[in-house]
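Trainee: I would like to learn how to read cavities, pockets and chain interfaces in a model. Could we take them in turn?

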Amino acid sequence: MADALVQVQGLTRYFDVSKPWLNRVIEREPKAYLTAVADVSFDIRRGETFALVGESGSGKSTIAKMIVGLLEPSDGRILFDGQPMTGTDGAAMRKLRRRFQMIFQDPFASLNPRWRVGEIIAEPIRTFGLASGAEMRREVGRLLEVVGLGARDAAKFPHEFSGGQRQRIAIARALSSRPEFIVCDEPTSALDVSVQAQILNLMRDLQDEFGLTYLFISHDLSVVRHMANRIGVLYLGRLAEVADGKRLFTEPRHPYSRMLLDAVPDLEMSGRRRKRVEGEIPNPIDPPPGCAFHPRCPLVADRCRREIPQPVARGDGMAACFAVEEGRG
Amino acid sequence: MGEFIPEDRPNALRRAWDSDLAYSFRTSPVALVSGIVALTIILGAVLAPWVAPHNPFDPATLNLMEGFTPPMEPNAFTGNVFWLGTDNQGRDVFSTILYGARTSLFVGFMAVLFAMVLGITLGLTAGFRGGWVDGLLMRIADVQLTFPSILLALLIFGVARGFIPPALREALAIWVLIVAIGLSDWVQYARVVRGATMVEKNKEYVQAARVIGAHPVKILVRHILPNVMGPVLVIATIGLALAIIAEATLSFLGVGLPPTQPSLGTLIRIGQGFLFSGEWWILAFPAAALLALALSVNLLGDWLRDALNPRLR
Amino acid sequence: MAEPLLSVRDLVVEFPTRRGTLRALDRVSFDIGEGEVLGMVGESGAGKSITGSAIIGLIDRPGRIAGGEIRLRGERIDTLPEDKLRRIRGKRIGMVFQDPLTSLNPLYTVAQQLIETIRTHLDVSEREARERAVALLDQVGIPAARRRIDDYPHHFSGGMRQRVVIALALAAEPELVIADEPTTALDVSVQAQIIDVLRDICADRGAAVMLITHDMGVIAETADRVAVLYAGRMAEIGPVRDVIKAAEHPYTSGLMGSIPTLAQTADRLTQIPGSMPRLDAIPQGCAFNPRCPRVMPHCRTDQPPLTPRAQGRQVACWLYAPAGAAHG
């Protein structure tokens, strides 16, 4: 795809969850691996918000960390603006790094409590040598105003701010290296709803103003519905479905997407009786064979218990499901 | 750095007085009393050359006739009164305590500093790097912990003396002692710092610094170190009391400081020789000073631990 | 109207601190009827969990109940000594907390914990207690309950554990269950299951529920009535449908507008400016006045009283209160 800013190809990540060497020898156990992310591929187009939704163990945060370089992929590759992220070093990597940033979930942990807000926001500016002295101070003040705080707040410490204000500070830090792409890892799940609305609106405004591209990670379908142009649904480390933002909610293809939608509480009080959600997420250390969703799937067939369904292109997205493939859905 | 410090912020004294820590100190009777006791002894020791009535190490001021003067009684020959009496050579016990505490505190502070720098460096490295570096350092720490630290200090002291030429022994004794006590004490700093580092390095503010490619050493020093210093200060305070006692023990056993450079431990060793001949004050007052110093510093450490513990606030 | 099961009147909870006394709850009043599900919503720090803790007498020191009264079937329980209160907790009021791990003792099997709770409060034999325990687990939807009852808590998944906690809360057949964020720690798909279980089993047994949560969706699906707290004060209380569909308090309507939903199509969410004040900086008058789009001059000076409205609704807002009815 010509306008893809980020391309994720066959991304896979294992974690070694073996017991210590001595225990393994004594108990005669082999090494154990957890597959957090398995063979995930998607593109993020310039200027769009691509969302990844999933529950615990879906691998959504692991993918985010690999994209920003906090974790090495075990397999597969990530291209940023056509350049591979793994194996790039030194000055080239430094140039690349300036162009993407991350916003974290917990605004109480993402700001160093011993640093003044100005120092926190200035850290990327200093690290990339973008400005210094009075120019840097002006830039920090401008950023604080962009996110709805005041230039004078630069002198304060993080504990003087509420959760929502801290997330604004984190956003100002993310903007300070003038990036094109921001990975947002559950940016509002630690916030109260009225504050969440402010932050989501702010993120949209900033996207329009600076032409940002977002990877938006969340477990909350309503938030994703509000933010995303396209959505990838993850289940146990694999992409179940990728669909256009509106499409996923009107015509979900994968049975898991349907189940997730059914689980969303009915705030409109439309009186729709939800279908009962069956079962729980299996332990990712010991996932079911075949399609990982088959024990909970209403459309399960024999083939689902043996083979892993491959992504099949459908319209603008894809689905990895035999039932969809065979037209049983 | 420092570009974002506001110009109108209140001065350091005002900020210190308003801090939660200062408030907790002001409202804790134990901390207040311990603080006053410790501060008095420390001030007396630091200012010993100016506040001590005599210089016990200046032979010119010593008068053997004044030996064994009991506390608060005029000397039979000269009529001079000594608050805490004098020892066998006519040295004023009060003055020897001030000078002794000076030595004890110097050794204590330096040993703690040494242990702290070593422990923090190794703890940060182990916690941040993880893997085999962590494994190796922590196994060394485990092995060291199986020995009582005083035995270890004795061993280090003995080995060091074996390498130092006899002519330098006396001059270097105090440094050997500092290294011996410090080396036997780094483990707890390393363990605490390692644990705190492992917690901090996974926090999102460290990840944010890693995303922009900040250098690991910079992350360690500027991000993680300031956030692990709280527990370190607590151990350091209690460690100071322990180091002073360790020094006293070694000196008491005769492997510490020479009599020309007496510490509180040396004074106690000298004093115990006179206990049964009735000159109790030569032992009792240095021992009481040691007790007061170690206890008050220790209680301060306990208070600091509670005051810095957010769950108890 | 019949006597309510639980009646809270003008409840005040205070936390003395170095910089003055913080009022975590300021004259909060509400009733819970027999078998009713009352949702208690609010942002973090609004006082919803403290309300729950106050009812069961478990406020963290140095906090204390500084005023008002709490009655269970007409009997005052806020002034009871600790030993009498302990008999009410567990027996007449069951509790479900956010984190199922902390509510279960990891050292005992589920059977041991259930049987002990049942036998502490009910006069039944060991065997009968066990039968009741199995039946309870069955009801909360634990498959193969008879086999799994002798497992330890760590053998259960998060959702299953929360089911066990619900069973434990209901073991002594309480009249009221206080559930504090029972689904917050769980995955979306499991959340829905737990809400269903909680609602159904309490309905079966006629137990009333006080459901404390920040999630309006959970309230909409579960509660009969909803109480909205803001900065330690009751903003609005009424039947859940009315409050959600046609909120009267400007805070509630702002809150409802700020929640993204699956049906909404607008590009921007309605947002309330600012954030809830900290307890040490609650403004004079109505606590919401600095953020309120319909603020009037006397909102800044006088605290509005909780005013009765149609259909048993109550709103604390000067838009609906008769003039000169200042609270306190």
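Mentor: By the rule used here, the count comes to 5 cavities of 30 Å³ or more. Keep in mind that this is a predicted model.

Trainee: What does rolling a probe over the atoms show?

Mentor: A probe the size of a water molecule, rolled over the atoms, shows where empty space is left. In this model, the largest cavity has a volume of about 90 Å³.

Trainee: Which residues lie nearest the centre of the largest cavity?

Mentor: C:Pro250, C:Cys286, C:Cys292, C:Cys299 and C:Cys317 do, out of 14 residues that line the largest cavity. By class, that lining divides into 11 nonpolar, 2 polar and 1 charged.

Trainee: How is an open pocket told from a cavity?

Mentor: In a cavity the probe fits but cannot get out, whereas a pocket is open. The second largest pocket here holds about 770 Å³ of space. Its lining comprises 37 residues, and the closest to its centre are A:Asp39, A:Leu239, A:Pro311, A:Met318 and A:Ala320.

Trainee: Which elements give two or more residues to the lining of the second largest pocket?

Mentor: They are strands of chain A: S2 (33–45), S9 (230–235), S10 (238–244) and S12 (317–319). S2(A) gives the most, with 9 residues. The lining of the second largest pocket has 24 nonpolar, 7 polar and 6 charged residues.

Trainee: Now the interfaces. How is the size of an interface often given?

Mentor: It is often given as the accessible area lost when the parts come together. For chain A and chain B, about 2500 Å² is buried between them, with 57% of it on carbon and sulfur atoms. Here 34 residues of chain A are in contact with 24 residues of chain B.

Trainee: How many helices and strands does chain B have?

Mentor: Chain B has 13 helices and 0 strands. Its C-alpha trace spans about 80 × 50 × 35 Å along its principal axes.

Trainee: And chain C: how many of its residues are in contact with chain A?

Mentor: There are 46 residues of chain C in contact with 41 residues of chain A. Chain A and chain C bury about 3700 Å² between them, 50% of it on carbon and sulfur atoms.

Trainee: Which side chains meet in a salt bridge there?

Mentor: The count between chain A and chain C is 1 salt bridge. It joins the side chains of C:Arg268 and A:Asp205, at 2.5 Å from N to O.

Trainee: Which elements of chain A give two or more residues to the side that touches chain C?

Mentor: They are helix H7 (193–210), helix H8 (221–227) and helix H10 (255–263) of chain A. The largest share of that side, 10 residues, comes from H7(A). By class, the side of chain A that touches chain C has 17 nonpolar, 11 polar and 13 charged residues.

Notes. Residues are numbered from 1 along each chain as its sequence is written. Chains are lettered from A and ligands numbered from 1 in the order in which they are written. This is a predicted model: local features need pLDDT of at least 70, side-chain atom pairs count only at pLDDT 80 or more; totals for chains, interfaces and linings use all residues. Side-chain values use heavy atoms; hydrogens and water are left out. On a 1 Å grid over the protein atoms alone, a cavity is a set of points where a 1.4 Å probe fits but cannot get out, and a pocket is an open set with protein on both sides within 12 Å along at least five of seven lines; lining residues have an atom within 4 Å of a point. Grid points are joined across faces, edges and corners, and a volume is the space filled by probe spheres set on the points. Helices (H or I, at least four residues) and strands (E, at least two) are DSSP runs, numbered from the N terminus. Ala, Val, Leu, Ile, Met, Phe, Trp, Tyr, Cys and Pro count as nonpolar, Asp, Glu, Lys and Arg as charged, and the others, Gly among them, as polar. Contact means heavy atoms within 4.5 Å. Buried area is the accessible area (1.4 Å probe) that two parts lose on being put together, summed over both. A salt bridge is a side-chain nitrogen of Lys or Arg within 4 Å of a carboxyl oxygen of Asp or Glu.
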